[in-house]
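Please have a look at the sequence and the structure first.

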Amino acid sequence: MIGEDIELTLKIVVGGGVGAGKSTLIGSVSEIRPLHSEETLSESEAGPERSDTGGAERKTTTTVAMDFGRITVHSGLSLHLFGTPGQDRFRFLWEELSEGALAAVVLADTRRLEDCFAAVDHFERRRIPFVVAVNRFPDAPDHTEHDVAQALDLDGGTPVVLCDARDRASGKEVLIRTVEYAGRMHTARLLAAVG
């Protein structure tokens, strides 16, 4: 049991496609002023013809390095949140941001679900437990958790949760589910290794 005299800090990576809500999620739950490394999108990047921002036409900035936030879940347990950039040209940063992560959140936008494939593949290859959080945009198609899991061809048991990245309580619930799932996965791996 984590007591008042023990401080545990866990690293969680937040990935997903451009405009899925990674920066928004980190900003909504962080108890400190979040660090955002954003730059203004150029006209060619922000225009409606840009395929990887489809459904996010009002997006004017993009993360170019990372986002960072911190949340204390309860006394003695805090999470450091590292958001990955969504654009392909910044994907080389994912490896460093994932180093030492307990788990990850893949934010999904059902208007552009295919944008999640790269993040899902990244975390699966590195054996980092992850939860898919479907950010409920008002104009997005309504899909069940099961539909999303099938569309992303997730391994059985990989949690899919619905969320609103703007809402602190919703974001905190995603993080709690992520830590719980990671705990189960890491415990199962340890038991298998000694078994």
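What percentage of the 195 residues in the protein is buried? Before I answer, please keep in mind that this is a predicted model, in which local features need pLDDT of at least 70 and side-chain atom pairs count only at pLDDT 80 or more, while totals for chains, interfaces and linings use all residues. Residues are numbered from 1 along each chain as its sequence is written, and side-chain values use heavy atoms, with hydrogens and water left out.

The answer is 46%, where buried means under 20% relative accessible area, exposed over 50% and partly exposed in between, with a 1.4 Å probe and protein chains only. C116, at 1% relative accessibility, counts as buried, and so does C163 at 3%.

As for the fold, the protein has six helices and seven strands, taken as DSSP runs numbered from the N terminus (helices H or I, at least four residues; strands E, at least two).

Now to the helix pair: the axes of α1, residues 22-29, and α6, residues 168-194, come within 8 Å and cross at roughly 100°, the axes being lines fitted to C-alpha atoms over the stretch in contact, with angles from 0 to 180 degrees between N-to-C directions. The two helices are therefore roughly perpendicular, a word that covers 65 to 115 degrees, whereas under 35 is roughly parallel, over 145 roughly antiparallel and the rest oblique. In this contact (heavy atoms within 4.5 Å), L25, S28 and V29 of α1 meet R168, G171, K172 and L175 of α6.
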